[in-house]
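This briefing is for a reader new to the structure. Please look over the sequence and the model first, then read the points below.

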Amino acid sequence: MDLLNTLVDKGLRRELPTREEALAVLAASDDDLLDVVAAAGKVRRHWFGRRVKLNYLVNLKSGLCPEDCSYCSQRLGSKADILKYTWLKPDEASQAAAAGLAGGAKRVCLVASGRGPTDRDVDRVSDTIKAIKEQNEDVEVCACLGLLSDGQAERLREAGADAYNHNLNTSEGTYGEITTTHTYADRVDTVHKAHAAGLSACSGLIAGMGETDEDLVDVVFSLRELDPDSVPVNFLIPFEGTPLAKEWNLTPQRCLRILAMVRFVCPDVEVRIAGGREVHLRTMQPLALHLANSIFLGDYLTSEGQAGKADLEMIADAGFEVEGSEQVTLPEHRAAAAGGGCGSHEGAGCGSHEGAEGAGCGSHEGGGVCGTAATAAPAAPTAAEPRTDLVAVRRRGAGTDLAPNA
């Protein structure tokens, strides 16, 4: 296809595709899907080789958020049966992070529900960052605490944070349809604050909320303009008890086309498959590694993810390798611009209490893959059936007495 050859050439030159080209990727037929994946895979391998970066989420404070983000299980008015707890102590958070690091994670993402941190909250998180880095000198730490006030990003940077995540989630034109308690401009402002403080900025999106192809292209083009080093792509998990509980709009093929489009528009940034990959990509997850160079290991904020061991086996079986702490994630030109550190100002994409989570935190796939017992084998689902059986609320790890999945 001439289109794909053009997109590969542009990706290798870091040239922005046209909107029409990006829309054409999303509109590609299933018959052409493997060609699309192969083309985007050339761009991914050019900038990132066959490395896969592992990231690990620690939910510092779960539930009871005053914001009304429709996709989030922690939102105001949510009836989702999730874990609810207040701030973990620094030693508790450090212990939780250690599980992910032992599993091969290179970055720890510290997430807290809420509109944004108070100055006291910043002190708490700063103490947690120091506790984690005392135990693991080489670890990258990303904070995801909501909207930032003046000076807070600088304080997190001084405490040792490498990155800050705050997702745009959807297009500016439709943002008011999913959230009314803050604005799209508020989110953009927080990404700018992270950049200005010298933190690696991470900002991504949520797919599957009923948006159009044009909305998806709008938000990804906006992300390209913001120039974060990391773009997490979340796939909505329709949690029961949230306004979007009935929004099952994604297929594995649709998810792959979205990831390919993001790679073509943002060729040299860390593209992370974030929340919802287990639910929506399912057995097609290995193909997605040809498009994205980063994933979360283990569980998410309020839901369960694929077993950590299964993630590592998937990466190896697909012919990829886990990125080591000694390796710089981003291409040299981006890492140099950021002054080194975690390979960039890259914000590994810890989703925010919404992006990687309420919006599309993953979940285990059933069948006992996360240690739950499988009962009688279910009937094979049809392609159009929502896979509600794959959504499982997290009951282990941070905020519980049970060992985490990592």
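Where is the place of Arg 14? Arg 14 sits in the loop between helix H1 (2-12) and H2.

This is a predicted model, in which local features need pLDDT of at least 70 and side-chain atom pairs count only at pLDDT 80 or more, while totals for chains, interfaces and linings use all residues. Residues are numbered from 1 along each chain as its sequence is written, and side-chain values use heavy atoms, with hydrogens and water left out.

**Overall make-up**

- The protein has 14 helices and 10 strands; helices (H or I, at least four residues) and strands (E, at least two) are DSSP runs, numbered from the N terminus.
- Of the 406 residues of the protein, 61% count as buried, where buried means under 20% relative accessible area, exposed over 50% and partly exposed in between (1.4 Å probe, protein chains only).
- Contact means heavy atoms within 4.5 Å. Among contacts in the protein with a separation of 6 or more, 80% are between residues 24 or more positions apart.

**Nonpolar cores**

- A nonpolar core is a set of buried Ala, Val, Leu, Ile, Met, Phe, Trp, Tyr and Cys residues joined through side-chain atoms within 4.5 Å.
- The largest nonpolar core has 100 residues, of which Val 58 and Leu 156 touch the most other members. H9 supplies the largest share of this core, with 9 residues.
- A second, separate core has 10 residues, including Cys 109, Cys 144, Ala 274 and Leu 301.
- Not counting residues up to four places away in sequence, Val 58 touches Leu 88, Ala 93, Ala 96, Ala 97, Val 108, Cys 109, Leu 110, Val 111 and Ala 398.

**Helix pairs**

- Axes are lines fitted to C-alpha atoms, for helices over the stretch in contact, and angles run from 0 to 180 degrees between N-to-C directions.
- Angles under 35 degrees count as roughly parallel, over 145 as roughly antiparallel, 65 to 115 as roughly perpendicular and the rest as oblique.
- A crossing is left-handed if the near helix is turned anticlockwise from the far one by less than a right angle, and right-handed if clockwise.
- In the contact classes, Ala, Val, Leu, Ile, Met, Phe, Trp, Tyr, Cys and Pro count as nonpolar, Asp, Glu, Lys and Arg as charged, and the others, Gly among them, as polar.
- The axes of helix H2 (residues 19-26) and helix H9 (residues 252-265) come within 8 Å and cross at roughly 155°, so H2 and H9 are roughly antiparallel to each other. Their crossing is right-handed.
- In H2, Ala 22, Val 25 and Leu 26 meet Arg 254, Arg 257, Ile 258, Ala 260, Met 261, Phe 264 and Val 265 in H9. The contact of H2 with H9 has 8 nonpolar, no polar and 2 charged residues.
- Helix H3 (residues 33-48) and H9 have axes that come within 9 Å and cross at roughly 40°; H3 and H9 are therefore oblique to each other. The crossing of H3 and H9 is left-handed.
- On the H3 side this contact is made by Leu 33, Val 36, Ala 39, Ala 40, Val 43, Arg 44 and Phe 48, and on the H9 side by Gln 253, Leu 256, Arg 257, Ala 260, Arg 263 and Phe 264. By class there are 9 nonpolar, 1 polar and 3 charged residues in the contact of H3 with H9.

- Asp 215 lies in helix H8 (residues 213-226) and is buried, with a relative accessible area of 12%.
- Leaving aside neighbours within four places in sequence, Asp 215 is in contact with Ser 171 and Thr 174. The C-alpha atoms of Asp 215 and Tyr 175 are separated by 9.9 Å, and these residues are 40 apart along the chain.
- Glu 21, in helix H2, is buried, with a relative accessible area of 13%. Not counting residues up to four places away in sequence, Glu 21 touches Leu 3, Thr 6, Leu 7 and Lys 10.

**Positive phi values**

- Most residues other than glycine have a negative phi.
- Arg 14 has a positive phi of about 60° although it is not a glycine. Arg 14 is partly exposed, with a relative accessible area of 40%.
- Arg 282 has a positive phi near 50° and is found in the loop between helix H10 (277-280) and helix H11 (285-288). Arg 282 is buried, with a relative accessible area of 18%.
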